[in-house]
Every structure is written in C-alpha cells, then in structure tokens.
Amino acid sequence: MPGRPDLPARAPWRSGLLLLALASAGLALTNPASADFEAFAADRLVDEISDELCVKGGLPVLMRLAIPNCQELVEGQRQALAGVVASHTRRTNLMVASLYRSEVGGQTVLAWQVPRFRSTVLAVAGQFVLIAASSDNSQEGP
C-alpha cells in the first residue's frame, strides 16, 4: 500500500489574512449607524447643557427664578437636540469604523452669542469614543 504523500504546510500568512478578514467583517457589522450616533450625541448634549445652565449657574438669576425645573426642561429637548446634531454632523464611513464631526452653535440669540461646540467621535465595535471636543465659551452680552 503506497504511503500517503505529505501535505504541504499551510502558509502562516493565510491564517493571518483570514483572521484579519474575519475581524474586519465583525467590525463592519458592528459599526454603529447614524441613528445610534444621534442618540449618543443627544445624551451628551443634555448632560452638558444641564451642567452648564442648571448646575453651574449659566442662566441669569431672573431666568432661574422663572424656570425652577431647568434640568427637566433640558431633558425634554432630547429629540430636538438629536435633530440639531444630525443636521450639523458629517459622517465619514470607514466601513470598519466611522468618524463623526459635529459643529453646533455659534448663533446669536437675544443679543447673546450661543457657544459653538465642536466634536470628533470615533464609532467602532458598537461603541462611541470621543476623540476631541471644544467649545467657544465667549458669551458676549448686550
């Protein structure tokens, strides 16, 4: 009975390539959608605005007296904030991840300059990672 010929050794780079392809496919499948980013951004904005206006005293004294439930008022604007962020965000889809660059604010409302907020967020593997954030807190009054 003739002996079985030795099978050629599998090239090690093939398994590495297969592993890379599987990892890339997994990341592509878990790349968060734009709607997920909107929810994430709205949560962050509600927290930031509540902190700035309601906790740190960003509202003038008369406004604080007129609005005793500041945090609830801001919380009630979650959907509107998500819409604002969606309309001021550019998504770069890298297939295995996405970069979201947002710039919100900068308008003048009742003689006050609304601070401009900028952020860059990396979305990968179902998670959002804030890479950079800045704001112009130069509020010019009358």
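## The second largest pocket

In this predicted model, the second largest pocket holds about 380 Å³ of space, a pocket being an open set of points on a 1 Å grid over the protein atoms alone, where a 1.4 Å probe fits, with protein on both sides within 12 Å along at least five of seven lines. The volume is the space filled by probe spheres set on the points, which are joined across faces, edges and corners.

Its lining, meaning residues with an atom within 4 Å of a point, has 19 residues, and Leu45, Glu48, Phe117, Ser119 and Ala133 lie nearest the centre. Two or more residues come from each of α2 (34-55), β2 (97-104), β5 (116-124) and β6 (127-136), where helices (H or I, at least four residues) and strands (E, at least two) are DSSP runs numbered from the N terminus. The largest share, 7 residues, belongs to α2.

## Helix α2 against helix α5

Helix α2 also packs with α5 (residues 78-87) at an angle of about 115°, their axes 8 Å apart; axes are lines fitted to C-alpha atoms over the stretch in contact, and angles run from 0 to 180 degrees between N-to-C directions.

## Two phenylalanines in α2

Phenylalanine 37 and phenylalanine 40 lie 3 residues apart in helix α2, about one turn of the helix.

## Basis of the model

Residues are numbered from 1 along each chain as its sequence is written, and side-chain values use heavy atoms, without hydrogens and water. Local features need pLDDT of at least 70 and side-chain atom pairs count only at pLDDT 80 or more, while totals for chains, interfaces and linings use all residues.
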